[in-house]
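Please open the model in your viewer and keep a selection panel at hand. The tour below moves from one selection to the next and says what is to be found at each stop.

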Amino acid sequence: YKPSILEDMTEADLVISHAGAGTCLEVLSLEKKLVVVVNDKLMNNHQTELAEKLGEGGYVDYSTLATLASVLKTCSLKPANIYPAADPSLFSNFLMKELNVV
């Protein structure tokens, strides 16, 4: 057991992960190549939706467990696109405007 795998992800050239939003965003913030494996057994599968959107943007390659080997054979070790960094002021600016504080 490790309390955090951040150091491992930082040192890695390629990260293979489930398609959870938190994990995807953490790895993408490190500008690492990411292959996400969708759990296609989930009901109302939000993992598929997220993986498809991130894949369309060129930020990840995605697969199911059944297609992982073929995806790994064809993917590059460099991300096609770097996921843009979050702008923390967007939410506060929106909130201030909605509350008529600005």
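A cavity is defined here on a 1 Å grid over the protein atoms alone, as a set of points where a 1.4 Å probe fits but cannot get out, and its lining residues are those with an atom within 4 Å of a point. Grid points are joined across faces, edges and corners, and a volume is the space filled by probe spheres set on the points. Rolling a probe the size of a water molecule over the atoms shows where empty space is left.

This is a predicted model, in which local features need pLDDT of at least 70 and side-chain atom pairs count only at pLDDT 80 or more, while totals for chains, interfaces and linings use all residues. Residues are numbered from 1 along each chain as its sequence is written, and side-chain values use heavy atoms, with hydrogens and water left out.

**First selection: the cavity**

The structure holds one cavity of 30 Å³ or more, and the space in the largest cavity comes to about 30 Å³. To display its lining, select Leu28, Glu31, Lys32, Tyr59, Pro79, Asn81, Ile82 and Tyr83. By residue class, this lining divides into five nonpolar, one polar and two charged residues, where Ala, Val, Leu, Ile, Met, Phe, Trp, Tyr, Cys and Pro count as nonpolar, Asp, Glu, Lys and Arg as charged, and the others, Gly among them, as polar.

Which residues form an aromatic pair that is edge-to-face? Tyr59 and Tyr83 do, with 5.0 Å centre to centre and 80 degrees between the planes. Tyr59 lies in the loop between helix H3 (46–56) and strand E3 (61–64), and Tyr83 in the loop between helix H4 (68–74) and helix H5 (89–98), so the pair ties together parts that are 24 residues apart in sequence. The structure holds one such aromatic pair; rings of Phe, Tyr and Trp (its six-membered ring) pair if their centres lie within 6.5 Å, and planes under 30 degrees apart count as stacked, over 60 as edge-to-face and the rest as tilted. Tyr83 counts as partly exposed, at 31% relative accessibility, on a scale where buried means under 20% relative accessible area, exposed over 50% and partly exposed in between (1.4 Å probe, protein chains only).

Return to Glu31, a member of the cavity lining, which has a positive phi of about 60 degrees although it is not a glycine. Glu31 is placed in the loop between helix H2 (21–29) and strand E2 (33–38). Then select Asn100 in the segment after H5, where phi is again positive, at about 55 degrees, in a residue that is not a glycine. Asn100 is exposed, its relative accessible area being 68%.

Ser17 lies in strand E1 and is buried, with a relative accessible area of 10%. Leaving out residues up to four places away in sequence, Ser17 touches Thr23, Leu34, Val35, Val36 and Val37, contact meaning heavy atoms within 4.5 Å. Ala19 belongs to the loop between strand E1 (14–18) and H2, and at 0% relative accessibility Ala19 counts as buried. With neighbours within four places in sequence set aside, the contacts of Ala19 are Cys24, Val36, Val37, Val38, Gln47, Leu50 and Ala51.

Thr10 is in helix H1 (residues 6–11) and counts as partly exposed, at 42% relative accessibility. Beyond residues up to four places away in sequence, Thr10 touches Leu30 and Lys32, and Lys32 also lines the largest cavity.

**Last view: the whole chain**

Clear the selections and colour by secondary structure. The protein has five helices and three strands, whose order from the N terminus is α-β-α-β-α-β-α-α; helices (H or I, at least four residues) and strands (E, at least two) are DSSP runs, numbered from the N terminus. The C-alpha trace spans about 55 × 35 × 30 Å along its principal axes. The radius of gyration of the protein is 16 Å, whereas a compact globule of 102 residues would have one near 13 Å; the radius is taken over C-alpha atoms, and the globule rule is 2.2 Å times the number of residues to the power 0.38. Of the 102 residues, 25% count as buried.

Notes. 1 Å grid on protein atoms, 1.4 Å probe; cavity = no way out; pocket = protein on both sides within 12 Å on 5 of 7 lines; lining within 4 Å.
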